[in-house]
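This briefing goes through one protein model by topic. Please keep the sequence and the 3D view at hand while reading.

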Amino acid sequence: MSAATVGGAFALTTGGATVLQTVTATGAVNVNVSTGDLTVGSLTATNQAVTLTTAGAVLDGDSTTDITANSLT
């Protein structure tokens, strides 16, 4: 996914290696990757909960701030 801006919650369920280049949401974020790794470039959900579930690793997609959230699980 190249870029997504969501005026509410963001939910993604996928299989295989997944890349989130830039995600901005005003609601909670839930990402579930059933097989493979999750690479995060930038994920912003200020004052919201972010849940990342993956069968593989969570990888850093760039050298800048990667996740801005109230909580991360």
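A residue counts as buried when its relative accessible area is under 20%, as exposed when that area is over 50%, and as partly exposed in between. By this cut-off, 27% of the 73 residues of the protein are buried. The model is predicted, with a mean pLDDT of 92. The protein has seven strands and zero helices.

**Confidence**
- In this predicted model, 100% of the residues reach a pLDDT of 70 or more.
- Among the elements, strand S1 (residues 3-6) has the lowest mean pLDDT, 83, and S4 has the highest, 96.

**Overall build**
- Read from the N terminus, the order of elements is β-β-β-β-β-β-β.
- The protein is as compact as a globular protein of its length, because its radius of gyration of 11 Å is close to the 11 Å that the globule rule gives for 73 residues.
- Along the principal axes, the C-alpha atoms fill a box of roughly 30 × 25 × 20 Å.
- The accessible surface is about 3,800 Å², and carbon and sulfur atoms account for 52% of that surface.
- Of the contacts between residues at least 6 apart in sequence, 7% link residues at least 24 apart.

**Strand pairing**
- Strands S1 and S3 are paired in the parallel sense through four bridges.
- Within that pairing, Ala 3 has Thr 22 of S3 as its bridge partner.
- S3 also pairs with S5 in the parallel sense, over six bridges.
- Here Thr 18 stands opposite Leu 38 of S5.

- In soluble globular proteins, nonpolar side chains tend to be buried together.
- The largest nonpolar core of this model has 14 residues, and the members that touch the most others are Phe 10, Val 29, Val 31, Leu 38 and Leu 43.
- Two or more core residues come from each of strand S3 (18-25), strand S4 (29-33) and strand S5 (38-54).
- S5 gives the largest share of the core, six residues.
- Beyond its neighbours within four places in sequence, Leu 43 is in contact with Leu 20, Val 23, Val 29, Val 50, Leu 52, Asp 66, Ile 67 and Thr 68.

**Val 33**
- Val 33 is part of strand S4.
- With a relative accessible area of 1%, Val 33 falls under the 20% limit and is therefore buried.
- Not counting residues up to four places away in sequence, Val 33 touches Thr 14, Gly 16, Thr 18, Leu 38, Thr 53, Thr 54 and Ala 55.
- Val 33 and Thr 46 are 13 residues apart in sequence, and their C-alpha atoms are 22 Å apart in space.

**Two aspartates in loops**
- Asp 66 sits in the loop between strand S6 (58-60) and strand S7 (67-72).
- Asp 66 is buried, because its relative accessible area is 19% and the limit is under 20%.
- Apart from neighbours within four places in sequence, the contacts of Asp 66 are Val 40, Gly 41, Ser 42, Leu 43 and Asp 60.
- Asp 37 is in the loop that lies between S4 and S5.
- The relative accessible area of Asp 37 is 31%, so this residue is partly exposed.
- Leaving aside neighbours within four places in sequence, Asp 37 contacts Gly 16, Ala 17, Thr 18, Thr 54, Gly 56, Ala 57 and Leu 59.
- Asp 37 and Ala 11 are 26 residues apart along the chain, with 17 Å between their C-alpha atoms.

**Asn 47**
- Most residues other than glycine have a negative phi.
- Asn 47 is not a glycine, yet its phi is positive, at about 65°.
- Asn 47 is located in strand S5.
- Asn 47 counts as exposed because its relative accessible area, 60%, is over 50%.
- Setting aside neighbours within four places in sequence, Asn 47 is in contact with Ala 69 and Asn 70.
- A distance of 25 Å separates the C-alpha atoms of Asn 47 and Ala 57, which are 10 residues apart along the chain.

Terms used: Residues numbered from 1 in each chain as written. Predicted model: local features only at pLDDT ≥ 70, side-chain atom pairs only at ≥ 80, totals over all residues. Heavy atoms only, no water. Core = buried A, V, L, I, M, F, W, Y, C linked by side-chain atoms within 4.5 Å. Buried < 20%, exposed > 50% of the residue type's maximum accessible area, 1.4 Å probe, protein only. Contact = heavy atoms within 4.5 Å. Rg over C-alpha atoms; globule rule 2.2 N^0.38 Å. Areas by Shrake-Rupley, 256 points an atom, 1.4 Å probe, with all protein chains shown as cover. pLDDT = per-residue confidence, 0-100. Pairing = 2+ DSSP bridges.
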